[in-house]
Amino acid sequence: MSDIKKITAPFSKEVGKSLKAGESVLISGTILVARDAAHKALTEALARGEKLPVELAGETIYYLGPSPAKPGNAIGSAGPTTSGRMDKYTPTIIAQGISGMIGKGYRSKEVIDSMVANGVVYMVAVGGAAALISKTIKKYEVLAYPELGPEAVARITIEDFPAIVAIDTQGNNFYEMGQKPYRKI
């Protein structure tokens, strides 16, 4: 088990490249949140030649559709959405200069190839830990597409948000590494 690495978001491509598959990280700072509908709206805006309503360069996107906040909390449950739902949009979003993504589950070969080509890291948050994760979120602010409700693009301020590097910028895949010892040759 590796030591836990603390990083501040947004983070540079150099910081992203220093993260290795299988490492545990605690992230503090600010990240964007967006799910399927927001990814679709962003890629459609780009296809129409429009300027995006948010700057994506250097950002990390957490695939999140939060539940409503209880009084006194910044956000309700905040667990990760299955990342594969964003895969058809992800290469276009990566091309906008993002530094990282957080979700859960596998990524397509096309997404991994785009990550390697652009120096982008993919981290996973633990599914089923939505209530715990929400305690690391200190602020939630909608930035674009408020009509999408919980799927709007928002910025969250986080403190010690726990994640695991699933696929690093070199394409090393923790899912594959973790399963390898159990596969029959």
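Before selecting anything, keep one cut-off in mind: a residue is called buried when its relative accessible area is under 20%, exposed when that area is over 50%, and partly exposed in between. Also bear in mind that this is a predicted model.

**Stop one: Tyr 145.** Go to the loop between β6 (137-144) and β7, where you'll find Tyr 145. Is it buried or exposed? Its relative accessibility is 16%, so Tyr 145 counts as buried. Now check the backbone: phi is positive here, about 60°, although Tyr 145 is not a glycine.

**Stop two: Asp 160.** Move along to strand β7 and pick Asp 160. Here's another non-glycine with a positive phi, this one about 55°. Asp 160 has a relative accessible area of 29%, so it is partly exposed.

**Stop three: Val 153.** Which residues does Val 153 touch, leaving out those up to four places away in sequence? Show its surroundings and you'll see Val 33, Ala 34, Ala 38, Leu 42, Val 54, Val 142, Leu 143, Ala 144 and, from our opening stop, Tyr 145.

Val 153 belongs to the largest nonpolar core, which has 27 residues. Select Leu 56, Ile 61, Ile 98, Met 101 and Met 115 as well: together with Val 153, these touch the most other members. Then colour by element: α2 (36-47), α3 (90-94), α4 (109-118), β5 (121-124) and β7 (153-167) each supply at least two residues of this core. The largest share, four residues, comes from α2. There's a second, separate core too, with 25 residues, including Leu 19, Ile 27, Ile 102 and Val 121.

**Stop five: His 39.** Stay with helix α2 and select His 39. With a relative accessible area of 1%, His 39 is buried. Setting aside neighbours within four places in sequence, its contacts are Ala 34, Ile 61, Tyr 63, Met 86, Tyr 89 and Ile 93. You've met Ile 61 already, among the core residues that touch the most other members.

**Last stop: Pro 10.** Finish in the loop between β1 (4-9) and α1 (13-18), at Pro 10. For context, most peptide bonds are trans.

Key
Residues numbered from 1 in each chain as written. Predicted model: local features only at pLDDT ≥ 70, side-chain atom pairs only at ≥ 80, totals over all residues. Heavy atoms only, no water. Core = buried A, V, L, I, M, F, W, Y, C linked by side-chain atoms within 4.5 Å. Buried < 20%, exposed > 50% of the residue type's maximum accessible area, 1.4 Å probe, protein only. Contact = heavy atoms within 4.5 Å.
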